[in-house]
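Keep the structure open and follow along.

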Amino acid sequence: MDRIILLKSNKISKWLVLFTLLMVSHLTSAQEYSLSFQVLNGMDNRPIENVQIVLSPCACGGVTNANGEFSINLAKNTYSVKASFIGYKTVQREVILDQNKRVRLTLEESQEELSAVILSAKKVSERLETPQMGAVQMTAQELIKMPAAMGEVDLLRGMVLLPGINNAGEVSNGLSVRGGSLDQNLLLYDYAPVFNPTHLFGLFSVFTPEAISSSDLYRANIPARYGDRVTSVLDVKVKNPYVDKLKLSGGIGLVSSRLSIETPIIKDKLLLYAGTRGSFTDFLLPIVSERLKKTKARFYDHTIKLLYLPTDKDQISFTNFYSKDFYQLDLISQVQNINAKNNQYDFKTFNNTLNWTHTFNDDSNLRTVLLSSRYTPKTLFPESSNDNVIEYESQINLLSAFSEYSKKINNDLNYYAGVQASRYNIKPGKLDPGNGNSINPVTLDNEVSYEISPYANIEWSPIEQITLSGGLRFNYFSFVGPYTKATFNEDTGDIIDVTEFGKGEKVKSYNALEPRLGANIKLLESTSLKVSYARLNQYLQNIYNATTPLPTSRWKTSDLNIKPQMSDTYSLGVYQNLDDDNLELSVEGYYRSTQNNLTYKPGADFFLEEFLERDVVQANGKAYGVEFSLKKPRGKVNGWINYTYSRSFLKTNAAKLSDRVNNNKWYRSDFDRPHVFNGTLNIESDPYNTWSFNFTAQSGRPYSVANAYYNIEGINVPIFLERNNARLKTYHRLDFSWKVKYSKKVNRRWVGDWTFTVYNLYSRKNPYNRYYSQRIDRGANSSIFLDSPLGSYELTIMNSPLFALTYNFVFD
């Protein structure tokens, strides 16, 4: 019996030992580690929600959350990871899981996607739920589909197809947003301001298409992180080069050609984007217009961005942007007392941005940016009587730095706070007579100013149907010497006293609070109501006496005599998605009042004027309007139609009769357009052909008609008593684009297409301006002005179609 018990005991012990060994082996082999992913958009480094993550050999996975993140616990092993999302290239990667790991995946937009307008469910939801009003985001996909002059996709040309956004005319170098002047818009390119955003008389923007990641236009409730302009902000971001191999893209065209390179320098650590573009169009201009037969124009630009990833929580980037233009006009033969056979313009932009972003955790980060921006316009006057060239040059230098901390507390509450400091150094003008002796050299004193602006913004959703946004920005602005203060005789205008301020000495300071408020009320599942208010101040202004500012226009900071501009903007809008989100309808109304708008006095000549206050006057302004938009973003037939009714007026309050504009009565601003209609239609007939049409029509630009004429020593001189008292003919134009993909191979590395465009398809002769001149021949093609020897002539620039053929390519 004892022997039997002992045998049973030994057998049980053996089973216990075997069971223990098996458990230890199992526990050792089954030790789990955390594997987490973050999926980002390769264009703008933003998280992508609902990305499908599939892992093998475990046959497991899931989808990313709103922050682009997904986590899972797995046993030690080697896993194959596959990340896919509609509209993006699928990414596959092998991960050796022997410790807790965090993996960052970057998805690139698919080149083979049929529809270029891709809106995810999240973006549709954001449009209805965010309290941000008057904001427009234009992606690279939407830009691709827009017909553009000279066969090239262009950001600013795309923007003017949106409601409430116009330019100054056929040849213009900026945007007018909701009736504001061109200098009232802040244009940022990777955080650095751009003071002249166009090439080739406004037909191209300086933003190379391949370099753009995203562009955000704010025209109502402008976020608190932005300041210094009273109408709008256009924030353009340069793409981050998230690539693991060489990628080439670009285009070859009749007017301009471009090339972009993306490549890793140190794998997963140091990455490079470099893009350049050039144009030589002198031979094409006489074809466009007989008026331009003596006109010359050429430009080039480049964008370089270095991205360094030292850790998984730090990202450092450096962006350099350079742009240079040269063109020659014979439309103006005399400036002040300089007699020139033509006018030549040479202007450059040189910007640099250093950006460091540190992520503390998934919900908070700190961004610090240092930037510099330099704009140097130069005008050349080749003298008629000899080979001497007179040069006039001015310059804007901006140095700025800001640091901003942002945190997402939960899905219903987030905020950011920061501070920005800036220094402006403006060189108003320097005239170099060369080797001539008919003109004296002139150098105006530099204008130096400083600005410090702390700011904060909070977004809160107290209940599901309501989202609130509140922001506050404080500005302290100081103008310092050297500066000469002059006192004038009120009757004669002569200088009677002068006070000198030394270098760095405080001359004048201004401070202001800028509240920004917004609210969104979700009325129904697909309908929302938004209201907003914003106050903004502007300390840098541009003064010009032509509709389109030439490089001879004058930039000016606020000082003792010129006060900063200030605006108050009120907005109300209704937004609705129809037909299962296949149609987007919106109606926005706005009212903006402004103070201290800078304009020129009657008969002003501020070219190289030391005391600019003698030639300018500040005016109150008001602008109001209603914008209707209907958009179909998806499908083989897609596009949008927009209609805007808007008005824009100015009114001076000058005491002296000679300083008054329109006798201190309200008058139309240069950017008053009561009616504007835009329509864009894209037809994707098959995977290889895309047809695009764009039609625009708007009320003609205001201009001044002479009220009478006076004969002085046999010369009839027009007399202007009112400003902008007439309007040019209605402007309308049709553009066409045909894009052809010629290869049927799906998985090819080289992707190319031909784009054929026609700008001004039916040869509309839209008037650029009207002017008066002596009528030598009564039979000349002009209108008789008041039955006098004066003739009223209409000037058109683009009076025939512009044809262009461009080959675009991507090698990946």
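Serine 699 sits in the loop that links strand 43 (689-698) to strand 44 (702-703). The model is a predicted one. Is serine 699 buried or exposed? Its relative accessibility is 13%, so serine 699 counts as buried; the cut-off for buried is under 20%. Beyond its neighbours within four places in sequence, serine 699 is in contact with Arg673, Pro674, His675 and Arg727.

Now take another loop residue. Leucine 444 lies between strand 28 (442-443) and strand 29. With a relative accessible area of 10%, leucine 444 is buried. Which residues does leucine 444 touch, leaving out those up to four places away in sequence? They are Pro428, Gly429, Arg554, Leu608, Glu609 and Glu610. Proline 428 is 16 residues from leucine 444 along the chain, and the two C-alpha atoms are 6.1 Å apart.

Strand 29 leads on to the charged pairs. Glutamate 447 forms a salt bridge with lysine 556, with 3.5 Å between the closest N and O atoms. Glutamate 447 belongs to strand 29 (residues 447-463) and lysine 556 to strand 36 (residues 554-557), so this pair ties together parts that are 109 residues apart in sequence. Both glutamate 447 and lysine 556 are buried.

How many salt bridges does the whole structure hold? A search finds 21. One of them joins the side chains of glutamate 514 and arginine 516, at 2.5 Å from N to O. Glutamate 514 counts as buried because its relative accessibility is 0%. Arginine 516 is buried too, with a relative accessible area of 1%.

Look next at aspartate 735. Its salt-bridge partner is arginine 733, and their closest N and O atoms are 2.8 Å apart. Aspartate 735 has 2% relative accessibility and so counts as buried. Arginine 733, at 6% relative accessibility, also counts as buried. Elsewhere, salt bridges with shared partners connect Arg178, Arg219, Glu588 and Glu627 in one network.

Turn now to the nonpolar residues. In soluble globular proteins, nonpolar side chains tend to be buried together. Here, the largest nonpolar core has 30 residues. Which of them have the most contacts inside this core? They are Phe195, Leu200, Leu203 and Ile396. Several strands each supply at least two residues of the core: strand 20 (296-311), strand 21 (314-329), strand 24 (343-361), strand 25 (364-382), strand 26 (389-410) and strand 27 (413-432).

Isoleucine 396 is worth a click. Not counting residues up to four places away in sequence, isoleucine 396 touches Phe195, Ser373, Arg374, Tyr375, Tyr424, Asn425, Ile426 and Trp555.

Four strands make up an open sheet in the order 3-2-5-6, with antiparallel pairing. From one strand to the next, the twist averages 20°. Strand 5 (residues 77-84) pairs with strand 6 over seven bridges, in the antiparallel sense.

Definitions and conventions: Residues are numbered from 1 along each chain as its sequence is written. This is a predicted model: local features need pLDDT of at least 70, side-chain atom pairs count only at pLDDT 80 or more; totals for chains, interfaces and linings use all residues. Side-chain values use heavy atoms; hydrogens and water are left out. A nonpolar core is a set of buried Ala, Val, Leu, Ile, Met, Phe, Trp, Tyr and Cys residues joined through side-chain atoms within 4.5 Å. Buried means under 20% relative accessible area, exposed over 50%, partly exposed in between (1.4 Å probe, protein chains only). Contact means heavy atoms within 4.5 Å. Two strands pair if DSSP finds at least two bridges between them. Axes are lines fitted to C-alpha atoms, for helices over the stretch in contact, and angles run from 0 to 180 degrees between N-to-C directions. A salt bridge is a side-chain nitrogen of Lys or Arg within 4 Å of a carboxyl oxygen of Asp or Glu.
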